[in-house]
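Please work through the exercises below with the sequence and the model open beside you. Each one sets a task and then takes its solution step by step.

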Amino acid sequence: MGEDGSVTSAPQRPDGPTPATRLIATDLDGTLLRDDKSVSPRTIAALAAAEEAGIEVFFVTGRPARWMGVVSDHVHGHGLAICANGAAVVDLRTGGEFVEVRALPRATALTVVNTLRAAAPGTSFAVELTTGINYEPAYPPFFQDPGAAVATAEKLLSEELDGSAAPVLKVLAHHGELGPDEFLALARSTAGAYASITRSSPTSLLEISGLGISKASTLALCCAERGITPAEVVAFGDMPNDVEMLRWAGTSYAMGNAHPDVIAAASGRTVANNEDGVAVVIERILAERTTHPR
């Protein structure tokens, strides 16, 4: 951090004018949200001010659409959010209606499950669908849904069990003994050719999406639809599932509480989520616009 406790300066960039910020892309947990999962009054004000200034704000998260209520009251303008690490774009103004789904093919998901079972015995799985989550009996009780189906991943990925054949957004894999980064490295080395594998939890819980699907790839599509270039995007994150997005954005910030890989990927740093690090940067962007209007 800088001496004033706010934001470090970003690395030196090529000569020439820096494009004005047109879109802010922010992760939620550990980034925009405080540890108690609240959005602080300062952050609420900063988000509203950004939208009023004509800067679009996209929430880009690993959360499923059904867990977006924490920020749905703070959506302005377009109302869209990117969920499930890029596997879905939802409209928060309509209660999380799916606008776009980038599914993980069931056959591919099964291949990954079989590969991880062989590489890391003791792995348990859950399957996140557009209709909700189902899980194996051994899967830890993180946020289990009483209406979910409980069976082996092989059965959960069978369309015969799931009569709706709902699209698979991601598969979750948990291991009780391997360290989080160790498990991620092992999974990527053994199954990374089949799917995108990342993590956002401090536990050994991996998130598996279709190959090439990430926060970055879906954000890039949303920006292209709006004629927004990477150079016009400012992104924020704290965990490995944010790395690709931070590298893609023209300007990016790792939170003060960020994972080392995130710090290495970002072009700058801000203070921790509990200190309103996203709001700190937004306020600075808006202040610079006032001081140096374009």
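**Exercise 1: a serine in a loop**

At 6% relative accessibility, Ser 204 counts as buried, since buried means under 20% relative accessible area, exposed over 50% and partly exposed in between, with a 1.4 Å probe and protein chains only. This is a predicted model, in which local features need pLDDT of at least 70 and side-chain atom pairs count only at pLDDT 80 or more, while totals for chains, interfaces and linings use all residues. Residues are numbered from 1 along each chain as its sequence is written, and side-chain values use heavy atoms, with hydrogens and water left out.

Task: state where Ser 204 is found, and which residues Ser 204 is in contact with, leaving aside its neighbours within four places in sequence.

Solution. Begin with the location: Ser 204 belongs to the loop between strand E9 (195-198) and strand E10 (205-210), where strands (E, at least two residues) and helices (H or I, at least four) are DSSP runs numbered from the N terminus. Next, with neighbours within four places in sequence set aside, the residues in contact with Ser 204 are Ala 173, His 174, His 175, Leu 178, Gly 179, Pro 180 and Phe 183, contact meaning heavy atoms within 4.5 Å. Finally, a polar atom of the Ser 204 side chain lies 2.4 Å from the backbone oxygen of Leu 178.

**Exercise 2: the sheet**

Task: give the order of the eight strands in the open sheet, and say which strands stand at the edges.

Solution. The order is E5-E4-E3-E2-E1-E11-E12-E13, with mixed pairing; two strands pair if DSSP finds at least two bridges between them. Strand E5 (97-101) and strand E13 (268-269) stand at the edges with a single partner strand each, so one side of each is left without a neighbour in the sheet. Of the five residues of E2, four are buried.

**Exercise 3: aromatic pairs**

Task: find how many aromatic pairs there are.

Solution. Rings of Phe, Tyr and Trp (its six-membered ring) pair if their centres lie within 6.5 Å, and planes under 30 degrees apart count as stacked, over 60 as edge-to-face and the rest as tilted. The count by this rule is two. The rings of Tyr 135 and Tyr 139 have centres 6.5 Å apart and planes at 25°, so this pair is stacked. For Phe 236 and Tyr 253 the centres are 5.5 Å apart and the planes at 20°, so that pair is stacked. Phe 236 lies in strand E11 and Tyr 253 in strand E12, so the pair ties together parts 17 residues apart in sequence.

How values were computed: Polar contact = N/O pair within 3.5 Å; in protein donor to acceptor, adjacent residues only side chain to side chain.
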